[in-house]
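My entries follow in the order I looked things up.

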Amino acid sequence: MRREEFLRELSYLLQDIPEADREEALKYYEEYLEDAPAEEEEEIIRKLGSPEKVAAEIREGLRADAGQEDFGEYTDAGYTDRRFEEHRMPGRYAGRAEDSRERSRDTGWEEKAYREYGTAQERDAKPGRDEQNGQEREQGKKGGGCLKPLLIILLCICAAPLLIPLALVAAAVVLGVIVAGLGVTVAFLVGGGALFLAGIWTVGKGLGLLFLSPATGLMICGMALVGAALGILLCCLVVWLFFKVAVPLVNALVRALRRPFERGGSRA
Amino acid sequence: MVFNTGAALLDAIVLAAVSQEEDGLYGYKITQDVRKVIDLSESTLYPVLRRLQKDECLAVYDREFAGRNRRYYKITDKGAAQLALYKEEWCSYSAKISAMFAGRITR
């Protein structure tokens with residue numbers, strides 16, 4: 001990933017944080033990448049991780065200092081003498097499991113700062129010093145999360161008397177257009193075929209006439225050949241149009257219809 | 001790394017790295033210096049620097065470099081006091097651990 005791309009995505013992902021914080025973070029990373037040796041740029045960007053991860057870290061930092069008092073991050077690790085007693089708490093050094101992720105989860109704060117970010121749920125589910133905080137956060141999320149599907153369902157029920165006939169009408173119109181299109185296609189195809197066959201047949205007649213009245217015979221032959229050629233052309237045109245226009249159109253329609261259902265499915 | 005670097009230890013390392021230069025250092029350099037000592041992701045330090053700055057342990061200022069601005073982080077008096085405290089605690093802490101490892105702790 002190029003530098004511009006990285007910064008653009010980061011900027012996009014941080015749209016919802018306060019403007020000043022966003023600018024500061026972007027400036028930091030812009031300078032960071034400018035200070036990196038040009039030939040290592042790609043490597044550094046790879047090491048920074050995905051813009052999503054970097055954005056999550058920035059966001060977490062903001063969240064942490066919004067709730068600093070409750071959080072006790074810095075005070076806990078900071079000024080009081082007590083902190084060193086607390087630092088040797090079993091939680092921090094006891095769980096010396098093989099898996100460092102497992103270990104850092106025990107220690108609470110560290111995972112956020114030093115490890116890759118897990119999913120939001122994983123982080124929220126993480127026990128530790130900010131457990132209470134986490135629970136509150138989770139509850140808040142649940143409240144918002146429950147309300148939305150409920151509202152959508154309510155809306156669907158209220159709108160059903162209007163929506164169902166409308167959907168039926170739309171389906172009927174679409175079906176009608178498709179059938180009409182198919183009909184027109186078939187009609188043109190048959191027409192083209194008929195023109196071709198009639199042309200060939202007339203050529204035979206013209207050839208018969210050639211001996212009685214050469215001029216008339218030739219003219220009929222010529223016109224018949226032109227007709228046959230037009231028939232072939234018409235058939236080719238119809239087939240070409242069918243594959244170039246009608247098939248992609250139907251495909252697009254199917255995709256457009258499927259999309260809301262897919263999203264709805266993943267949400268549920 | 002087998003051992004975790006706790007929040008306090010990371011703060012201490014960052015403060016020590018920044019205080020290496022009289023005029024302070026910029027983000028990329030701090031990250032590379034810290035990375036020489038402990039294993040951490042390139043993107044970890046931004047929130048840490050920001051927090052230290054908010055806690056007034058670090059001060060920032062911009063200086064021109066190669067036709068653009070570069071943000072420097074510089075240790076404050078408060079930061080220096082904090083670092084001294086960290087160093088002291090680290091010495092006693094690591095000395096005790098080392099003594100234990102060497103079997104020098106007797107009951």
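**Contacts and fold.** I started with contacts in chain A. Among those with a separation of 6 or more, 51% join residues 24 or more positions apart. I kept in mind that this is a predicted model.

Next I went through the secondary structure. I counted 13 helices and 0 strands in chain A. Read from the N terminus, the order is α-α-α-α-α-α-α-α-α-α-α-α-α.

**Surface.** I then looked up burial. Chain A has 268 residues, and 28% of them are buried. Its accessible surface is about 17400 Å². Carbon and sulfur atoms hold 68% of that area.

**Glu41(A).** I found Glu41(A) in helix H3, which spans residues 41-48 of chain A. Is Glu41(A) buried or exposed? Its relative accessible area is 9%, so I logged Glu41(A) as buried, the limit being under 20%. I also checked its partners beyond four places in sequence. Glu41(A) is in contact there with Arg2(A) and Arg3(A).

**Cysteines.** How many disulfides are there over all chains? I got 0. I followed up with Cys156(A), which is in no disulfide. The nearest cysteine sulfur belongs to Cys158(A) and is 9.5 Å away. A disulfide needs the two sulfur atoms within 2.5 Å, so I wrote this pair off.

Cys156(A) has 45% relative accessibility, so I put Cys156(A) down as partly exposed. Cys221(A) has a relative accessible area of 10%, so I put Cys221(A) down as buried.

H13(A) gives the largest share, with 9 residues.

I sorted the lining by residue class. I got 15 nonpolar residues, 2 polar ones and no charged ones.

**Recap.** I have chain A down as 13 helices and 0 strands. I have 0 disulfides over all chains.

Notes
Residues numbered from 1 in each chain as written. Chains lettered and ligands numbered in written order. Predicted model: local features only at pLDDT ≥ 70, side-chain atom pairs only at ≥ 80, totals over all residues. Heavy atoms only, no water. Helix = DSSP H or I, 4+ residues; strand = E, 2+ residues; numbered from the N terminus. Nonpolar A, V, L, I, M, F, W, Y, C, P; charged D, E, K, R; others polar. Buried < 20%, exposed > 50% of the residue type's maximum accessible area, 1.4 Å probe, protein only. Contact = heavy atoms within 4.5 Å. Areas by Shrake-Rupley, 256 points an atom, 1.4 Å probe, with all protein chains shown as cover.
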